Amino acid sequence: AAFEFIYDQFSIPPTFAEFITRPWTIVTYMFAHSMGDIFHILFNMLVLYWFSKLVVEYLGSDRLTALYVLGGLAGGLAYLLVFNLIPFYESRATFSGMVGASAAVYAVTVGAATLIPNYTFHLLFFGPVKIKYIAAFYIVISFLGSVGGNAGGNIAHLGGAAMGFLYIRQLNSGNDLGKWIITTI
């Protein structure tokens, strides 16, 4: 019972009615993870490590932090909007909530791919692959999964990915969407 209470304080609920009782979860969910799938968190952290190194190299650690937070916020917002405004999802909002860094990781991944699309990773069994194709693969997989058992997570991934693209495009236009995060932290 104590674990469930604590877990609920971090997980973002799918309905607005419950979300307004725990508004801080728009932030906390992206810094928590369920222990049910250790390989999921391991893979998330490896992808975050590889792609964040590129963002730090080209933009610095402050902008990486801003991109991560904005991606998590965008993922949480996409999740809330879809589960409260689209009837197909509203009827499926019967679970307790969502946790995980994936939306923020997708923002970093897509952000790096938007910034330097032709940068190449050398993948085991595949050889050299441009990161724009890795990011595109992630987006397609999440889009296909947006009607499955982890629909909420996949919708959050897409929200994070969209923010990663938007953040870099705006940054290239001279508008730093994450400046308020950098100056707040």
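**Salt bridges**

I looked for salt bridges first, taking one to be a side-chain nitrogen of Lys or Arg within 4 Å of a carboxyl oxygen of Asp or Glu. The count by this rule is two. The model is a predicted one, in which local features need pLDDT of at least 70 and side-chain atom pairs count only at pLDDT 80 or more, while totals for chains, interfaces and linings use all residues. Residues are numbered from 1 along each chain as its sequence is written, and side-chain values use heavy atoms, with hydrogens and water left out.

I noted the pair Arg22 and Glu18, whose side chains meet at 3.0 Å, N to O. For burial I used relative accessible area: under 20% is buried, over 50% is exposed, and in between is partly exposed (1.4 Å probe, protein chains only). Arg22 is buried at 8%, whereas Glu18 is partly exposed at 31%.

I then turned to Arg63, which forms a salt bridge with Asp176; their closest N and O atoms are 3.1 Å apart. Arg63 lies in helix H5 (residues 61-85) and Asp176 in the loop between H9 and helix H10 (179-184), so this pair ties together parts that are 113 residues apart in sequence. Arg63 is partly exposed at 28% relative accessibility, and Asp176 is buried at 18%.

**Elements**

I listed the helices and strands as DSSP runs, numbered from the N terminus (helices are H or I with at least four residues, strands are E with at least two). The protein has 10 helices and two strands. Read from the N terminus, the order is α-α-α-α-α-α-α-β-β-α-α-α.

**The hairpin**

I checked how the strands pair, which requires at least two bridges found by DSSP between them. Strand S1 (residues 120-123) and strand S2 (residues 127-130) pair in the antiparallel sense, over four bridges. Thr120 stands opposite Lys130 in S2. As a general point, I recalled that side chains in a regular strand alternate between the two faces of the sheet.

Three residues lie between the strands of this hairpin. I stopped at Phe125, which lies in the loop between S1 and S2. Phe125 has a positive phi of about 75 degrees although it is not a glycine. I also looked up its accessibility: at 80%, Phe125 counts as exposed.

**A histidine in H9**

I looked up His157 and found it in helix H9 (residues 151-172). Is His157 buried or exposed? At 7% relative accessibility, His157 counts as buried. I listed its contacts, meaning heavy atoms within 4.5 Å. Leaving aside neighbours within four places in sequence, His157 touches Ser102, Ala103, Tyr106 and Ser142.

**The whole chain**

I ended with the overall values. Along its principal axes the C-alpha trace spans about 45 × 40 × 35 Å. The radius of gyration is taken over C-alpha atoms, and the globule rule is 2.2 Å times the number of residues to the power 0.38. A compact globule of 185 residues would have a radius near 16 Å, and the protein agrees with its 16 Å.

I noted that 46% of the 185 residues count as buried. Among contacts between residues at least 6 apart in sequence, 68% join residues at least 24 apart. The protein exposes about 10,000 Å², of which carbon and sulfur atoms supply 69%. The areas come from the Shrake-Rupley method with a 1.4 Å probe, and for residues only the protein chains shown count as cover.
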